[in-house]
Amino acid sequence: MAKYKILVVDDDEAIRFAVQDYLEAHGFDVADAGNCRAAEDQFRGLRPDAALLDYSLPDGTALDLLPRLRAIDSNVPLIVLTAHGSIDLAVRAIKEGAEQFLTKPVELPAVLLVLQRALENQRNRQRQIAGKTRQAREAIDPFLGSSAAIRQLADSASRIAASESPVLIRGETGTGKGVLARWLHTNGPRSEEPFVDLNCAGLNRDFLETELFGHEKGAFTGAVSAKQGLLEVAHRGTIFLDEIGDVDLQVQPKLLKVLEEKSFRRLGEVRDRRVDIRLIAATHQDLAALGKQGRFRSDLYFRISTVPLYVPALRERKEDIPALAEHLLQRLAADLGRSGLGLADDAIEGLQSYSWPGNIRELRNVLERAALLSGQPEIRRRDLHFDSQAAAAASGDESALTLLELEKLHIARILQQEQGRVEQAARRLGIPRSTLYERIKKHGLAPSKS
């Protein structure tokens, strides 16, 4: 993992050299600046983890510089040092966003201690932003079961968890790719840092860019203030891009730059920002095939697929269904306040005989429906109600479907035949592309399903 980057701002070159030498000896990367303008340029381009600011500078004071730096990134701890300390000055500096206010002369070990505490506080704030919730920590075990397929996945994931390389997780929708991504983060070297996830399915280019990279004030109509992108939120941690095959072609080279150069630009910005992240991506699509069709950049595919993992479909590991079902049911029972809820033998047989097109996600929904509707302590086969569209699609019988279910099934088929290309699918369906996007959202379909 990259070292912490510190910006030292002081007009005295000897002091800058002494501080830089001391901090580098303690494992930091250090950049320096001698005035407010240079400090602002360095801060914008370097994306430091903290900054030490001398109060008096040739072209202003720390009080002038503090709001300008906070406008660039309000999360970076700023520590002010001055030879003219006073309570009034300290209060003003804190109000302007300083993390600490130190009076010179100050010993370098004391500066180091204050810096370490400020960085720890900043890390705690990042964890809160990233939403490290109790529910996330209690997510289902991605390797629950004893099948050969799931044991192979567990072995492969354990081998690469400590790696910093990008990971590409392949598997059908609902198989638990997101759960595996979080497991990799929790068991990797960045476990104490943020885990940030974004589902790219169906996101248009503009929305995806502003979510990933953020934007500057005035970058486009409606951008009334600057916005921090998810890449910045994930700094030093992990970013998980689900359904990466849906990322717009014009956004893909920007994502590649993040991976190769560890830099990016907010929308409306002319200078690069530095960021240190680990990328985990997931898809249910064949990215190599998309590359041949010109819909996914081959260089990005090769970059993100350094470490590939495959999550098997539930129908490929039917021997795991009893253990999965029991685990999910116990969690549902706890949420519903129904301790002792269990599965009868005929219910387990029914679960194992179904094809599960929606995989684990569908299994949970079926069990939740049964737990809510069944008044008995044991769920039987008659309590299980499978999705009528999925069951009809599997059996070929569409006579029992409602009009809405038929519409959903028909749109899903056309999208699959057109390999997720919405424009071509809309043309075949005889409706505007905007209408098709509305129907896709309404029915909960993946627009680029292949």
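A crossover is right-handed if, with the strands pointing away from the viewer, the path from the first strand over the helix to the second runs clockwise. Keep that handy for the first exercise.

A word on the model: it is predicted, with local features needing pLDDT of at least 70 and side-chain atom pairs counting only at pLDDT 80 or more, while totals for chains, interfaces and linings use all residues. Residues are numbered from 1 along each chain as its sequence is written, and side-chain values use heavy atoms, leaving out hydrogens and water.

**Exercise 1. Work out which unit β1, α1 and β2 make.**

Step 1: find the pieces. Helices (H or I, at least four residues) and strands (E, at least two) are DSSP runs, numbered from the N terminus. Strand β1 covers residues 5-9 and strand β2 residues 29-33, with helix α1 at residues 13-25.

Step 2: check the pairing. Two strands pair if DSSP finds at least two bridges between them; here five bridges join β1 to β2, and the strands run parallel. Look for lysine 5 opposite aspartate 29 in β2.

Step 3: β1, α1 and β2 form a β-α-β unit, and it's right-handed.

**Exercise 2. Decide whether threonine 210 is buried or exposed, and list its contacts.**

Step 1: go to helix α9, residues 205-213, where threonine 210 sits.

Step 2: apply the cut-offs. Buried means under 20% relative accessible area, exposed over 50%, and partly exposed in between (1.4 Å probe, protein chains only). Threonine 210 counts as buried because its relative accessibility is 9%.

Step 3: list the partners. Contact means heavy atoms within 4.5 Å. Skipping neighbours within four places in sequence, threonine 210 touches His215, Phe220, Lys227, Gly229 and Leu267.

**Exercise 3. Find what glutamine 376 contacts beyond its sequence neighbours.**

Step 1: locate glutamine 376 in the loop between α16 (359-373) and β18 (378-379).

Step 2: with neighbours within four places in sequence set aside, the contacts are Arg338 and Leu341.

Step 3: compare sequence with space. Leucine 341 is 35 residues from glutamine 376 along the sequence, yet the C-alpha atoms are 8.1 Å apart.

**Exercise 4. Sum up the whole protein.**

Step 1: count the elements, which come to 20 helices and 18 strands.

Step 2: take the burial. Of 450 residues, 48% count as buried.

Step 3: look at the contacts. Among those between residues at least 6 apart in sequence, 71% join residues at least 24 apart.

Step 4: The C-alpha atoms fill a box of roughly 85 × 50 × 35 Å, taken along the principal axes.
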